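Take a moment to look over the fold before reading on. The paragraphs below walk through it step by step.

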Amino acid sequence: MIKRLAVYCGARDSYDPRYLQSAHELGLTMAHHQIELVYGGGQYGLMGAVAQGVLDGQGIVHGVITKQLAGRGVTFQAVTDLHLVDDMDTRKETMMELADGMLALPGGLGTLEEVSQAASWMTLGDNDKPIAFYNLNNFYAPLQKLLVEMNKTGFLEQRYLDSLCFSADFERVLSFMNSYRAPLRRQYKHEKK
């Protein structure tokens, strides 16, 4: 069962206010389900909105932020539990360790990098936790199409494509995560099975 969810998302506001509103609503929903938030520790953009939503719902928020970003004044001081780490690699690893699953909300390059690493590690057998894309307003439809193309051309096995969830319905995401079984790691021709 998912008790803690790592949420990757933008540290900036979108031009479309629906994204901020949806992030706050997701936080409220997580708190309602008694799912703790693990996130990047920032106060701005969707990061701040989802964290505030969890707190508004009387939930628990674990922030993981680098010393560099904390020094720039972006830390959300209201979080329940704050982890100050040395660098981004440690931040990503700490978030994955603390969480039972990973969910990508809309965001920019940092969000894409975080969720891509989690998915890539799944193929290596280094991440056995579920990964989902919160597909608000079909934000992740182009990425889903690219992953399908990777599969068609032989660069991504079907089992990994099937091990990712794209949905804007949190109940569906939660159902996917709670019934998730990690796929076998990638095998190479010379390896013994």
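Contact means that heavy atoms lie within 4.5 Å. With that in hand, start from one residue. Leaving aside neighbours within four places in sequence, Ala132 is in contact with Met102, Leu103, Ala104, Cys165, Val173 and Met177. The model is predicted, so a rule applies: local features need pLDDT of at least 70, side-chain atom pairs count only at pLDDT 80 or more, and totals for chains, interfaces and linings use all residues. Residues are numbered from 1 along each chain as its sequence is written, and side-chain values use heavy atoms, with hydrogens and water left out.

Where does Ala132 sit? Its place is in strand 6. Helices (H or I, at least four residues) and strands (E, at least two) are DSSP runs, numbered from the N terminus. Ala132 has 0% relative accessibility, so it counts as buried. Buried means under 20% relative accessible area, exposed means over 50%, and partly exposed lies in between (1.4 Å probe, protein chains only). Ala132 and Cys165 are 33 residues apart along the chain, yet their C-alpha atoms are separated by 4.5 Å.

Now widen the view to strand 6, residues 131-134. Ile131 and Phe133 point one way, while Ala132 and Tyr134 point the other way. All of them are buried. Strand 5, residues 101-104, is covered on both faces too. Gly101 and Leu103 are buried on one side, and Met102 and Ala104 are buried on the other.

Next, see how the strands join. Strands of a sheet pair through backbone hydrogen bonds, either parallel or antiparallel. Here two strands count as paired if DSSP finds at least two bridges between them. Strand 5 and strand 6 pair in the parallel sense over three bridges. In this pairing, Leu103 stands opposite Ala132. Strand 6 also runs parallel to strand 7 (residues 164-167), and four bridges join them. There, Ile131 stands opposite Leu164. Strand 1 and strand 5 pair in the parallel sense over four bridges. Leu5 has Gly101 in strand 5 as its bridge partner.

What order do the strands take in the open sheet? The seven strands follow 4-3-2-1-5-6-7, with parallel pairing. Strand 4 (81-85) and strand 7 stand at the edges with a single partner strand each, so one side of each is left without a neighbour in the sheet. The twist averages 20° from one strand to the next. Axes are lines fitted to C-alpha atoms, for helices over the stretch in contact, and angles run from 0 to 180 degrees between N-to-C directions. Helix 2 (residues 45-56) packs on the sheet and touches strand 2 (36-39) and strand 3 (61-66). The direction of helix 2 makes about 160° with that of strand 2.

Helix 5, residues 109-124, belongs to a right-handed β-α-β unit with strand 5 and strand 6. A crossover is right-handed if, with the strands pointing away from the viewer, the path from the first strand over the helix to the second runs clockwise. Val115 has its place in helix 5. At 1% relative accessibility, Val115 counts as buried. Not counting residues up to four places away in sequence, Val115 touches Tyr8, Ala104, Ile131 and Phe133.

End with Arg185, in the segment after helix 8 (170-178). Is Arg185 buried or partly exposed? At 40% relative accessibility, Arg185 counts as partly exposed. Not counting residues up to four places away in sequence, Arg185 touches Thr123, Leu124, Gly125, Arg159, Tyr160 and Glu191. Arg185 and Asp126 are 59 residues apart in sequence and 8.3 Å apart in space, C-alpha to C-alpha.
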